[in-house]
Amino acid sequence: MAKTGKPVIQVKDLYKIYRVGDTKVRALNGVDFTIYKGEFCSIVGTSGSGKSTLLNMLAGLEKPTKGEIVIAGEHMEKKKENQLVKFRREHIGFIFQSFNLMATMNAVENVALPLTFQGVKKAQRMKKAEALLDMVGLKKYKKHKPTQMSGGQQQRVGVARALVVEPEIVFADEPTGNLDSNTSEEVMRLMQKVVREKNQTLVMVTHDNHLASFADRIFHIKDGKIVKIEDNTGKRTGEDSPAGEAGGDEKTRADGPAGEAGGNEKPGEDSPAGEAGGNEKLWADGPVGEIGGDAQERSEKKEDGAQGAAGNGGAD
Ligand SMILES: Nc1ncnc2c1ncn2[C@@H]1O[C@H](COP(=O)(O)OP(=O)(O)OP(=O)(O)O)[C@@H](O)[C@H]1O
Ligand SMILES: [Mg+2]
């Protein structure tokens, strides 16, 4: 997967220097790299090393002091704010540490939110959002509000929301920062899987070496510099085994009453019998897209002002 695709993110001689009083903080101090389509890259480093600064810069949330960022062929550093907003909407999904879900909306409404910005009709929005929730194993939690879900479930809603628009690129800043280690692993596997299936590009920032090891390549950042780029293909953690060898080599993931880490849904309950030994038990339940009457029912409900409230919680 790595390096066979075309370049999708190119960073050249990137600097970000903050001035605080009389002192200068070199948050990014000359960064160069290329990320290819379909890659999962992690950026790992200690607190203050420049991870979030880098990610924010890639996403066009902050302007570099110097240097170039080319994403999907376009120079981010040359774009105006309104162009950046549009670009993000069209190309980029975000997964945040703090979930950033809208408290007044249930799971399906949260996931559907980014689609409102794209002008997708309500029935279609709900249908897509439900399909994504099915995929992340939250079939039974569609109508739950954030406060009625566990941290892992909320984060999975966050993942679903980032992916609903099928962005070319997904940025995640400490996406499991608020989760316990079991749940973190499950979220990592989920991201690994969905990104792989859709050949999306995922860039994840973390301070955790173990979580970083789920990626194809690991970029080590220190004092605003990339000090090492590690090719991790072949030794990735959590890699799904190819279809067919659905045997038991995924043991580390399915620990006892599976699913308890992320939530209460019963794995396997709605999956076709026969693939029971398989890999995707915790998440993939049943064919994605078999949206029942729910979507219909909901689409007849009134809009609830989501449009207006959306600004803070959406993709931007
Ligand atoms: N707006 C700002 N003004 C001044 N300094 C900043 C600003 N944002 C970040 N910095 C500094 O830049 C450096 C890198 O910060 P950054 O947030 O990128 O670190 P990080 O690697 O994401 O850390 P963490 O793991 O704690 O989130 C730090 O020294 C930080 O203090
Ligand atoms: Mg940070």
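**Exercise 1. Helix 3 against helix 4**

Task: In this predicted model, find the handedness of the crossing where helix 3 passes helix 4, then describe the packing.

Solution. 
- Step 1. The crossing of helix 3 past helix 4 is right-handed.
- Step 2. Take the geometry next. Helix 4 covers residues 122-135, and its axis lies 8 Å from that of helix 3. The angle between the two is about 125°.
- Step 3. Classify the angle. Roughly perpendicular ends at 115 degrees and roughly antiparallel begins over 145. Helix 3 is therefore oblique to helix 4.
- Step 4. List the contact residues. Helix 3 supplies Ala107, Val108, Val111, Ala112, Leu115 and Thr116. Helix 4 supplies Arg125, Met126, Lys128, Ala129, Glu130, Leu132 and Leu133.
- Step 5. Sort them by class. The contact of helix 3 with helix 4 has nine nonpolar residues, one polar and three charged.

**Exercise 2. Helix 3 against helix 5**

Task: Work out how the axes of helix 3 and helix 5 are arranged, and which residues make the contact.

Solution. 
- Step 1. Locate the helices. Helix 3 spans residues 107-117, and helix 5 spans 151-163.
- Step 2. Read the geometry. The two axes come within 7 Å and cross at roughly 30°.
- Step 3. Apply the cut-off. Angles under 35 degrees count as roughly parallel. So helix 3 and helix 5 are roughly parallel to each other.
- Step 4. Helix 3 passes helix 5 in a crossing that is right-handed.
- Step 5. Name the contact. On helix 3 the residues are Ala107, Asn110, Val111, Leu113 and Pro114. On helix 5 they are Val157, Ala160 and Arg161.
- Step 6. Sort by class. The contact of helix 3 with helix 5 holds six nonpolar residues, one polar and one charged.

**Exercise 3. Helix 5 against helix 6**

Task: Describe the packing of helix 5 and helix 6 by angle and by distance between axes.

Solution. 
- Step 1. The angle is about 15°, and the axes are 10 Å apart.
- Step 2. That angle makes helix 5 roughly parallel to helix 6.
- Step 3. Helix 5 and helix 6 cross in a right-handed sense.
- Step 4. From helix 5, the contact uses Gly151, Gly152, Gln155, Arg156, Val159 and Leu163. From helix 6, it uses Thr183, Glu186, Val187, Leu190, Met191 and Val194.
- Step 5. By class, the contact of helix 5 with helix 6 divides into six nonpolar, four polar and two charged residues.

**Exercise 4. Burial of helix 3 and the place of valine 111**

Solution. 
- Step 1. Name them. The buried residues of helix 3 are Ala107, Val108, Glu109, Asn110, Val111, Ala112, Leu113, Pro114 and Leu115.
- Step 2. Find the partners of valine 111. Beyond its neighbours within four places in sequence, valine 111 contacts Ala129, Leu132, Leu133, Val157, Ala160, Arg161 and Val164.
- Step 3. Look just past the end of helix 3. There, glycine 119 has a positive phi of about 75°.

**Exercise 5. The whole chain**

Task: How many helices and strands does the protein chain have, and what percentage of its residues is buried?

Solution. 
- Step 1. The chain has nine helices and ten strands.
- Step 2. Of its 316 residues, 44% are buried.
- Step 3. Consider contacts between residues at least 6 apart in sequence. Of these, 73% join residues at least 24 apart.

Notes: Residues numbered from 1 in each chain as written. Chains lettered and ligands numbered in written order. Predicted model: local features only at pLDDT ≥ 70, side-chain atom pairs only at ≥ 80, totals over all residues. Axes fitted to C-alpha atoms, helices over the stretch in contact; angles between N-to-C directions. Helix = DSSP H or I, 4+ residues; strand = E, 2+ residues; numbered from the N terminus. Parallel < 35°, antiparallel > 145°, perpendicular 65-115°, else oblique. Left-handed = near helix turned anticlockwise from the far one by under 90°. Contact = placed C-beta atoms within 7 Å. Nonpolar A, V, L, I, M, F, W, Y, C, P; charged D, E, K, R; others polar. Buried ≥ 20, exposed ≤ 12 C-beta atoms within 10 Å, placed from the backbone.
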